[in-house]
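Here is a short briefing on one protein model. Look at the sequence and the structure first, then read the points below.

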Amino acid sequence: EFGYNWQSILSSAGMGDGLNVEESTDLPSDDYYRILDQILKVVDIPSFGIRVGQKFSLVDYGVLGYARISSPSFRHLLQTFFRFQQIVGSNDTFSETLREEGDQAMIEIRSSSEKNHLARFDTEEAIGQWISATEDMTSGADSIYTRINLAFSKPDYADDMQSLLGCPVFFDQPRNEMVFPAEFLDHPLTMANELTSQLCEQQCNTILEGLNQQQGLVDQVRKLIINLPGTVPTPEEIAGHLNVSYRTLRRRLSDEGTSFKEIHNEVRMGMASEYLRQTDLTTQEITYLLGYSEASNFHRAFKAWYGKTPGDYRLAEA
């Protein structure tokens, strides 16, 4: 948007070969911070971290985003996100926690990145993401945050930052935190759905358990498909996420006695049965979550897999 040359920045970071910035790419933490370090040396964009964070919406977090959207309250949303944050790329250098002090609550943000400018970006980006997330939840109503405290010194873009955030910002504070009325924690959210929330949390837990174990290739492919609700990833895209060629992915899956199509169908139908048994989502909503273009296509695929229509299956499992 600001006219900087991506390929030049990637080349300067030693990452120019094999990376397509137009595609989604999973990067190891060290590579991510090496690219970010180079970006911050080159760009001069006011409130850069805030602006990046505000590009995110809840659905950008995959199944964790759906868990947040369907949470019964803001407290539950925060607890769920902090519990499963690792599955969307957070690492040991970054953490967020919830604190309550009297009638106030705070989202505290900590980055222990070795370089101060990287820690500052991490913090600003997280603040931008929470601003965007709460706007999604409150349908663009006034910000719930009464003040934002930053441990960093006041930058020359402080006025721009305050304009973007819509609340007072204070610098040279003991902690990085976003302050809001504690009463908001237990307000019901607009799209709350307890059964959907529970199902999404179960899927998040499955993904997290997989991350904490030595995964085989089939498990990794399953995890990636589960974490991309509402889309139909191609085997080429999955191969890209795993940093292997499509030919290598196909060969290795064949060696394990399966194929991408078989894994994708298995995951899709497993999720379909869970949605039908444990939520009150409509067939049209499930069609969307599973990435089918038409409800009729989902009906045919489900009947071919289970021998009955989604409606009959839901009645039988009720």
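Tyr145 touches Phe74, Ile107, Trp130, Ile131, Thr134, Cys167, Met178, Val179 and Phe180, leaving out residues up to four places away in sequence; contact means heavy atoms within 4.5 Å. This is a predicted model, where local features need pLDDT of at least 70, side-chain atom pairs count only at pLDDT 80 or more, and totals for chains, interfaces and linings use all residues. Residues are numbered from 1 along each chain as its sequence is written, and side-chain values use heavy atoms, with hydrogens and water left out.

**Cores**
- The largest nonpolar core has 74 residues, and Tyr145 is among those with the most contacts inside it.
- A nonpolar core is a set of buried Ala, Val, Leu, Ile, Met, Phe, Trp, Tyr and Cys residues joined through side-chain atoms within 4.5 Å; buried means under 20% relative accessible area (1.4 Å probe, protein chains only).
- Helix H12 (residues 260-278) gives the most to this core, eight residues; helices are DSSP runs of H or I, at least four residues, and strands are runs of E, at least two, numbered from the N terminus.
- Another core, of 13 residues, lies apart from it and includes Leu36 and Phe121.

**Ala182**
- Ala182 sits in the loop between strand S5 (177-181) and helix H8 (194-211).
- Ala182 is buried, at a relative accessible area of 12%.
- Beyond its neighbours within four places in sequence, Ala182 contacts Glu100, Gly102, Asp103, Gln104 and Ala105.
- From Ala182 to Gln198 there are 16 residues in sequence and 24 Å in space, C-alpha to C-alpha.

Conventions: Buried means under 20% relative accessible area, exposed over 50%, partly exposed in between (1.4 Å probe, protein chains only).
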